[in-house]
Amino acid sequence: MSLDDRSSLFEKSREAFQVTAIPDISITEDQIVALVIAHNEVTRLPYFLEHHRRIGIRQFIVIDNDSTDGTGAYLDAQADVTRIHTKASYKENKSVWRQLICDLFLQERWVLFPDVDELFWYPGLSKTSINRFTEYLDQSGYQGVFTTMVDMYADGPVQEIRYEPSTPFLESCPYFDSSGYRYVPLKGADGRGYNVPFRHLYGGTRERLFHHTSKRKPNRLDKFLLGTVFSIRSKNPKPAWGGFWTESCSRWSRKACRVSIR
(Lines give C-alpha, C1' and ligand atoms only; values in the text may rest on other atoms or scores of the structure.)
Protein backbone atom coordinates (compact mmCIF):
# COMPACT_ATOMS: atom_id res chain seq x y z
CA MET A 1 0.00 0.00 0.00
CA SER A 2 1.37 3.43 -0.94
CA LEU A 3 1.76 6.20 1.62
CA ASP A 4 -0.92 8.21 -0.17
CA ASP A 5 -3.37 5.29 -0.04
CA ARG A 6 -2.63 4.71 3.65
CA SER A 7 -3.05 8.40 4.42
CA SER A 8 -6.38 8.40 2.58
CA LEU A 9 -7.58 5.38 4.59
CA PHE A 10 -6.65 7.07 7.88
CA GLU A 11 -8.60 10.15 6.75
CA LYS A 12 -11.66 8.05 5.89
CA SER A 13 -11.37 6.22 9.22
CA ARG A 14 -11.25 9.43 11.24
CA GLU A 15 -14.39 10.55 9.43
CA ALA A 16 -16.24 7.24 9.87
CA PHE A 17 -15.37 6.97 13.57
CA GLN A 18 -15.84 10.71 14.13
CA VAL A 19 -12.51 11.00 15.94
CA THR A 20 -9.41 13.15 15.52
CA ALA A 21 -6.93 10.25 15.47
CA ILE A 22 -6.79 6.52 14.75
CA PRO A 23 -4.07 4.52 16.57
CA ASP A 24 -1.39 3.04 14.31
CA ILE A 25 -1.68 -0.61 15.34
CA SER A 26 1.38 -2.87 15.15
CA ILE A 27 0.65 -6.57 14.51
CA THR A 28 3.28 -9.29 14.11
CA GLU A 29 3.13 -11.63 11.15
CA ASP A 30 2.00 -14.69 13.12
CA GLN A 31 -0.74 -12.95 15.14
CA ILE A 32 -4.37 -13.76 14.40
CA VAL A 33 -6.54 -10.79 15.26
CA ALA A 34 -10.10 -10.54 16.59
CA LEU A 35 -11.93 -7.43 15.41
CA VAL A 36 -14.91 -6.74 17.68
CA ILE A 37 -17.62 -4.11 17.98
CA ALA A 38 -18.87 -3.64 21.55
CA HIS A 39 -21.40 -1.54 23.43
CA ASN A 40 -21.82 -1.90 27.22
CA GLU A 41 -20.28 -5.37 27.39
CA VAL A 42 -18.22 -5.16 30.59
CA THR A 43 -20.07 -8.15 32.07
CA ARG A 44 -19.33 -10.54 29.20
CA LEU A 45 -15.90 -9.27 28.14
CA PRO A 46 -13.83 -11.15 30.78
CA TYR A 47 -14.84 -14.62 29.61
CA PHE A 48 -15.01 -13.61 25.95
CA LEU A 49 -11.37 -12.49 26.11
CA GLU A 50 -10.34 -15.50 28.22
CA HIS A 51 -11.78 -17.99 25.72
CA HIS A 52 -10.19 -16.38 22.68
CA ARG A 53 -6.84 -15.90 24.41
CA ARG A 54 -6.90 -19.57 25.33
CA ILE A 55 -7.25 -20.65 21.70
CA GLY A 56 -4.43 -18.35 20.63
CA ILE A 57 -5.74 -14.89 19.80
CA ARG A 58 -2.98 -12.47 20.78
CA GLN A 59 -4.40 -9.16 19.55
CA PHE A 60 -7.89 -7.69 19.88
CA ILE A 61 -9.09 -4.55 18.15
CA VAL A 62 -12.30 -3.42 19.83
CA ILE A 63 -14.51 -0.68 18.42
CA ASP A 64 -16.17 0.72 21.54
CA ASN A 65 -19.49 2.21 20.43
CA ASP A 66 -19.83 4.80 23.21
CA SER A 67 -20.16 2.38 26.14
CA THR A 68 -21.22 3.83 29.50
CA ASP A 69 -20.89 0.79 31.81
CA GLY A 70 -17.12 0.72 32.32
CA THR A 71 -16.34 -1.20 29.13
CA GLY A 72 -13.86 1.47 27.99
CA ALA A 73 -11.84 1.47 31.21
CA TYR A 74 -11.82 -2.33 31.32
CA LEU A 75 -10.56 -2.61 27.74
CA ASP A 76 -7.90 0.05 28.27
CA ALA A 77 -6.46 -2.04 31.10
CA GLN A 78 -5.90 -5.04 28.79
CA ALA A 79 -2.41 -5.17 27.29
CA ASP A 80 -3.53 -7.10 24.19
CA VAL A 81 -6.49 -4.84 23.36
CA THR A 82 -6.53 -1.72 21.20
CA ARG A 83 -9.72 0.26 21.80
CA ILE A 84 -11.16 2.68 19.26
CA HIS A 85 -13.93 4.78 20.76
CA THR A 86 -16.71 6.20 18.62
CA LYS A 87 -20.06 7.89 19.13
CA ALA A 88 -21.10 7.38 15.51
CA SER A 89 -24.18 5.32 14.59
CA TYR A 90 -23.64 1.56 14.76
CA LYS A 91 -26.43 0.81 12.29
CA GLU A 92 -25.06 3.15 9.64
CA ASN A 93 -21.36 2.40 10.09
CA LYS A 94 -20.72 -1.14 11.39
CA SER A 95 -19.72 -2.58 8.00
CA VAL A 96 -17.70 0.52 7.12
CA TRP A 97 -15.79 0.36 10.43
CA ARG A 98 -14.78 -3.25 9.87
CA GLN A 99 -13.82 -2.63 6.25
CA LEU A 100 -11.62 0.36 7.09
CA ILE A 101 -9.77 -1.33 9.98
CA CYS A 102 -9.16 -4.43 7.87
CA ASP A 103 -7.90 -2.36 4.94
CA LEU A 104 -5.59 -0.38 7.21
CA PHE A 105 -4.10 -3.11 9.40
CA LEU A 106 -5.30 -6.61 8.51
CA GLN A 107 -4.52 -7.21 4.85
CA GLU A 108 -3.45 -10.76 3.92
CA ARG A 109 -4.00 -12.24 7.39
CA TRP A 110 -6.58 -14.31 9.24
CA VAL A 111 -9.16 -12.27 11.17
CA LEU A 112 -12.09 -13.18 13.45
CA PHE A 113 -15.21 -10.99 13.59
CA PRO A 114 -17.09 -12.25 16.69
CA ASP A 115 -19.60 -10.36 18.80
CA VAL A 116 -18.91 -10.30 22.55
CA ASP A 117 -21.68 -12.85 23.21
CA GLU A 118 -20.11 -15.28 20.72
CA LEU A 119 -17.32 -17.86 20.99
CA PHE A 120 -15.38 -19.13 17.99
CA TRP A 121 -15.33 -22.94 18.07
CA TYR A 122 -13.55 -25.40 15.76
CA PRO A 123 -12.68 -29.14 15.76
CA GLY A 124 -9.99 -30.08 18.30
CA LEU A 125 -10.17 -26.68 20.00
CA SER A 126 -9.07 -28.05 23.39
CA LYS A 127 -5.83 -29.46 21.93
CA THR A 128 -5.18 -27.37 18.82
CA SER A 129 -4.32 -23.67 18.76
CA ILE A 130 -5.99 -21.37 16.29
CA ASN A 131 -2.61 -20.91 14.57
CA ARG A 132 -2.50 -24.65 13.84
CA PHE A 133 -6.07 -24.46 12.61
CA THR A 134 -5.26 -21.63 10.19
CA GLU A 135 -2.13 -23.50 9.06
CA TYR A 136 -4.44 -26.33 8.04
CA LEU A 137 -6.69 -23.84 6.23
CA ASP A 138 -3.71 -22.33 4.39
CA GLN A 139 -2.35 -25.73 3.39
CA SER A 140 -5.80 -26.76 2.13
CA GLY A 141 -6.19 -23.60 0.06
CA TYR A 142 -9.04 -22.09 2.07
CA GLN A 143 -9.48 -18.32 2.29
CA GLY A 144 -12.38 -18.18 4.72
CA VAL A 145 -14.33 -20.15 7.31
CA PHE A 146 -18.09 -20.55 6.94
CA THR A 147 -19.49 -20.55 10.47
CA THR A 148 -22.96 -21.36 11.71
CA MET A 149 -24.26 -19.22 14.58
CA VAL A 150 -25.58 -21.66 17.18
CA ASP A 151 -27.90 -19.91 19.65
CA MET A 152 -27.41 -21.28 23.17
CA TYR A 153 -29.95 -20.98 25.97
CA ALA A 154 -30.66 -22.04 29.55
CA ASP A 155 -33.35 -24.46 30.78
CA GLY A 156 -35.47 -21.73 32.39
CA PRO A 157 -36.99 -18.32 31.61
CA VAL A 158 -34.57 -15.73 30.21
CA GLN A 159 -35.46 -13.23 32.95
CA GLU A 160 -34.27 -15.70 35.60
CA ILE A 161 -30.71 -16.00 34.22
CA ARG A 162 -28.15 -14.32 36.44
CA TYR A 163 -24.82 -14.24 34.63
CA GLU A 164 -21.70 -13.38 36.64
CA PRO A 165 -18.56 -12.00 34.92
CA SER A 166 -15.88 -14.60 34.03
CA THR A 167 -18.37 -17.51 34.17
CA PRO A 168 -17.98 -19.77 31.11
CA PHE A 169 -20.87 -18.96 28.79
CA LEU A 170 -21.81 -22.62 28.28
CA GLU A 171 -22.30 -23.11 32.00
CA SER A 172 -25.08 -20.51 31.94
CA CYS A 173 -26.56 -21.50 28.58
CA PRO A 174 -25.74 -25.14 27.73
CA TYR A 175 -28.62 -25.98 25.36
CA PHE A 176 -29.35 -25.44 21.66
CA ASP A 177 -31.73 -26.69 18.97
CA SER A 178 -30.36 -29.80 17.25
CA SER A 179 -32.79 -29.67 14.31
CA GLY A 180 -34.82 -27.24 12.21
CA TYR A 181 -31.95 -25.75 10.17
CA ARG A 182 -31.95 -24.97 6.44
CA TYR A 183 -29.03 -24.44 4.02
CA VAL A 184 -30.23 -21.75 1.62
CA PRO A 185 -28.82 -19.31 -0.99
CA LEU A 186 -27.73 -15.89 0.20
CA LYS A 187 -30.37 -13.40 -0.95
CA GLY A 188 -31.63 -9.88 -0.33
CA ALA A 189 -29.33 -7.10 0.85
CA ASP A 190 -26.66 -9.55 2.01
CA GLY A 191 -26.65 -11.26 -1.37
CA ARG A 192 -26.27 -7.95 -3.17
CA GLY A 193 -23.55 -6.66 -0.87
CA TYR A 194 -21.40 -9.78 -0.50
CA ASN A 195 -20.64 -12.44 -3.08
CA VAL A 196 -19.38 -15.03 -0.57
CA PRO A 197 -20.28 -17.31 1.06
CA PHE A 198 -22.86 -18.38 -1.51
CA ARG A 199 -25.26 -20.05 0.95
CA HIS A 200 -26.19 -19.52 4.58
CA LEU A 201 -27.57 -21.73 7.33
CA TYR A 202 -30.84 -20.51 8.84
CA GLY A 203 -33.13 -21.83 11.55
CA GLY A 204 -32.64 -22.96 15.11
CA THR A 205 -33.94 -21.31 18.26
CA ARG A 206 -34.41 -17.79 16.95
CA GLU A 207 -36.44 -18.85 13.93
CA ARG A 208 -38.45 -21.38 15.95
CA LEU A 209 -39.52 -18.70 18.41
CA PHE A 210 -39.91 -15.63 16.22
CA HIS A 211 -40.12 -16.47 12.51
CA HIS A 212 -41.54 -19.97 12.24
CA THR A 213 -44.66 -18.96 10.28
CA SER A 214 -42.76 -17.24 7.47
CA LYS A 215 -40.14 -19.87 6.59
CA ARG A 216 -40.34 -23.04 4.56
CA LYS A 217 -39.84 -26.46 6.10
CA PRO A 218 -36.45 -28.23 5.79
CA ASN A 219 -36.21 -30.30 2.61
CA ARG A 220 -34.21 -33.43 1.81
CA LEU A 221 -31.13 -31.47 0.68
CA ASP A 222 -31.13 -29.51 3.94
CA LYS A 223 -31.34 -32.73 5.98
CA PHE A 224 -28.52 -34.34 3.98
CA LEU A 225 -26.20 -31.34 4.34
CA LEU A 226 -26.97 -30.96 8.03
CA GLY A 227 -26.30 -34.62 8.64
CA THR A 228 -23.05 -34.83 6.66
CA VAL A 229 -21.49 -31.36 6.59
CA PHE A 230 -22.71 -29.44 9.64
CA SER A 231 -24.09 -32.12 11.99
CA ILE A 232 -25.29 -30.11 15.01
CA ARG A 233 -26.47 -32.76 17.45
CA SER A 234 -25.07 -32.65 20.98
CA LYS A 235 -25.84 -30.60 24.07
CA ASN A 236 -22.44 -28.87 23.90
CA PRO A 237 -21.15 -28.39 20.34
CA LYS A 238 -17.53 -29.44 19.77
CA PRO A 239 -16.95 -27.33 16.72
CA ALA A 240 -17.40 -16.73 14.55
CA TRP A 241 -17.17 -15.60 11.46
CA GLY A 242 -13.57 -15.85 10.32
CA GLY A 243 -11.64 -15.11 7.19
CA PHE A 244 -8.37 -14.36 5.47
CA TRP A 245 -8.79 -10.67 4.70
CA THR A 246 -8.59 -10.10 0.94
CA GLU A 247 -10.74 -8.25 -1.58
CA SER A 248 -12.30 -11.55 -2.66
CA CYS A 249 -12.61 -15.03 -1.23
CA SER A 250 -13.12 -18.02 -3.50
CA ARG A 251 -12.85 -21.08 -1.23
CA TRP A 252 -14.43 -21.56 2.20
CA SER A 253 -14.02 -24.15 4.93
CA ARG A 254 -17.09 -25.25 6.95
CA LYS A 255 -15.14 -26.55 9.96
CA ALA A 256 -16.22 -24.08 12.66
CA CYS A 257 -19.17 -22.35 14.31
CA ARG A 258 -20.07 -19.38 16.47
CA VAL A 259 -21.54 -20.37 19.82
CA SER A 260 -23.86 -17.46 20.64
CA ILE A 261 -25.25 -16.87 24.14
CA ARG A 262 -28.80 -15.46 24.14
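Predicted model: local features only at pLDDT ≥ 70, side-chain atom pairs only at ≥ 80, totals over all residues.
Biologist: Where does H4 bend, and by how much?

Modeller: The bend is at Val96, and comes to about 25°.

Biologist: What caps the N-terminal end of H4?

Modeller: Ser89 does. A side-chain oxygen of Ser89 lies 3.5 Å from the backbone nitrogen of Lys91.

Biologist: Which H4 residues are buried?

Modeller: Asn93, Trp97, Arg98, Leu100, Ile101, Cys102, Asp103, Leu104 and Phe105.

Biologist: What about Cys173, buried or exposed?

Modeller: Cys173 counts as buried because its relative accessibility is 2%, and the cut-off for buried is under 20%.

Biologist: How many disulfides, then?

Modeller: Zero, taking a disulfide as a pair of cysteine sulfur atoms within 2.5 Å.

Biologist: Changing topic. Which residues touch the most other members in the largest nonpolar core?

Modeller: Phe48, Ile57, Phe60, Ile130, Met152 and Val259. That core has 41 residues. Helix H2 (residues 45-55) gives the largest share of this core, five residues.

Biologist: And the second core, what does it include?

Modeller: The second core is separate and has 23 residues, including Ile61, Ile101, Cys102 and Leu104. Ile101, Cys102 and Leu104 are also among the buried residues of H4.

Biologist: Now backbone angles. What is phi of Gln18?

Modeller: Near 55°, a positive value in a residue other than glycine. Gln18 sits in the loop between H1 and E1.

Biologist: Is Gln18 buried or exposed?

Modeller: Exposed, because its relative accessible area is 57% and the cut-off for exposed is over 50%.

Biologist: What about Asn40, what is its phi and where does it lie?

Modeller: Asn40 has a positive phi of about 55° and is not a glycine either. Its place is in the loop between E1 and H2.

Biologist: What is the relative accessible area of Asn40?

Modeller: It is 30%, so Asn40 counts as partly exposed.

Key:
Residues numbered from 1 in each chain as written. Heavy atoms only, no water. Bend = angle between axes of the 7 residues up to and from the residue. Helix = DSSP H or I, 4+ residues; strand = E, 2+ residues; numbered from the N terminus. Buried < 20%, exposed > 50% of the residue type's maximum accessible area, 1.4 Å probe, protein only. Polar contact = N/O pair within 3.5 Å; in protein donor to acceptor, adjacent residues only side chain to side chain. Core = buried A, V, L, I, M, F, W, Y, C linked by side-chain atoms within 4.5 Å.
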